[in-house]
There are 2 protein chains.
Amino acid sequence: MKLTTKGRYAVMAMADLASNINSGPISLREISLRQNISVAYLEQIFIKLKKRKLVKSSRGATGGYLLEKPASEIRISNIIFAVDEEVKMLNCKKNSKKGCNNKTTKCITHNLWDELDQHIHQFFEKVKLQDLVKKELN
Amino acid sequence: MKLTTKGRYAVMAMADLASNINSGPISLREISLRQNISVAYLEQIFIKLKKRKLVKSSRGATGGYLLEKPASEIRISNIIFAVDEEVKMLNCKKNSKKGCNNKTTKCITHNLWDELDQHIHQFFEKVKLQDLVKKELN
DNA sequence: CTAATTCCTATTAAAATAGTCGGATTTAAA
DNA sequence: TTTAAATCCGACTATTTTAATAGGAATTAG
Ligand code: FES
Ligand code: FES
């Protein structure tokens, strides 16, 4: 699979935004300080989050980022896919008829990875950003 | 997580063994040909599988590997952990009281990754090697 | 003996990930 | 109108991980 610090950072940063929803735009510098992630790296992540319409930005001094939608409408899967592009357990191309190693039939493990894929996907679909923030308050 | 070609190859190779259970010891060369994996790479994998008592070997000409237990008693998790060592979604040390970035409290996403960990673990626990071989026959 | 195999360690090659750098543009406020 | 703080953008570099190879030693059936 592909779950790297980039994906983790993205979720952390989004949770940070969600926790500070009433403070106007949040600058990357603030997130950087709170979450211990370099501003330059956060920039890369937020470009992608913005492309997927998960956050909106305002530029200039006092600028920063805000959630584009309520935290209750943002799924973890949205965030992960925004920055990591894909969860790929399969070795072969999903929609090709060829298996891995360019064989004409699917390999014996194909179904296993496919099911795992769905499993993980469902997990990320189920959890919303709001759930993380709630948990923190407990 | 850590699911790389090494883990995939290991499952493929074990499934290969399970499918050819009645042919005496299977050499890595045979597996190599059938599954398109280099013998030298398979060697590395089988050393680990053997350490975890998933396969047994016989040396010399006509030597090779056999499953140490029936395919119905080998879980995918056994195989994955044998070669990949760990499934780690968490950024922090699981048994440390410190969070990631050496903070004194767990980060806001800690529980999320922990739950995902368990989710994947359960999936791999549930499926047995035997299940793969059966599916192939369908 | 010989050929085929497991066994073992080390090294290299390739790919993916993480993170930096330098600057351009925008904007609120001094 | 200047300044400082911010987003925006593209390219680059460094680091780590993964994949794979190399070169033998030990074992054993035929
Ligand atoms: S993973 Fe799809 S054919 Fe092997
Ligand atoms: S993942 Fe455990 S504290 Fe961040």
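## Polar contacts with DNA strand C

In this predicted model, a polar side-chain atom of T4(A) lies 3.2 Å from a phosphate oxygen of DNA strand C. R59(A) places a polar side-chain atom 2.8 Å from a base oxygen of DNA strand C. From chain B, a polar backbone atom of A61(B) is 3.4 Å from a base nitrogen of DNA strand C. A polar contact is a pair of N or O atoms within 3.5 Å; within protein, one atom must be able to donate a hydrogen and the other to accept it, and residues adjacent in sequence count only if both atoms are side-chain atoms.

## The surface near DNA strand C

There are 28 residues around DNA strand C, and Q44(A), E43(B), K50(B), S57(B) and Y65(B) come nearest. A residue is near a strand if one of its heavy atoms lies within 4 Å of it. By class, this surface has eight nonpolar, 13 polar and seven charged residues. Of the atoms of DNA strand C within 4 Å of the protein, 66% belong to sugar or phosphate, and the rest belong to bases.

At least two residues of this surface come from each of α1 (5-19) and α3 (39-51) of chain A, and from each of α2, α3 (39-51), β1 (55-58) and β2 (64-67) of chain B. The most, four residues, come from α3(B). Helices (H or I, at least four residues) and strands (E, at least two) are DSSP runs, numbered from the N terminus.

## How the two chains are related

Chain B is superposed on chain A by a rotation of 180 degrees with 0.0 Å of shift along its axis, at an RMSD of 0.0 Å. The two copies are thus related as by a two-fold rotation axis. The superposition is by least squares on the C-alpha atoms of residues with pLDDT of at least 70 in both copies.

## The interface of chain B and chain A

Each chain brings 34 residues to the contact, where contact means heavy atoms within 4.5 Å. About 3300 Å² is buried between the chains, and carbon and sulfur atoms give 68% of this area. Buried area is the accessible area (1.4 Å probe) that two parts lose on being put together, summed over both. In chain B, R8(B), I108(B) and F123(B) lose the most area to chain A, together 22% of what that side buries.

## Basis of the values

Residues are numbered from 1 along each chain as its sequence is written, and chains are lettered from A and ligands numbered from 1 in the order in which they are written. Local features need pLDDT of at least 70, side-chain atom pairs count only at pLDDT 80 or more, and totals for chains, interfaces and linings use all residues, while side-chain values use heavy atoms, with hydrogens and water left out.

Note on methods: Ala, Val, Leu, Ile, Met, Phe, Trp, Tyr, Cys and Pro count as nonpolar, Asp, Glu, Lys and Arg as charged, and the others, Gly among them, as polar.
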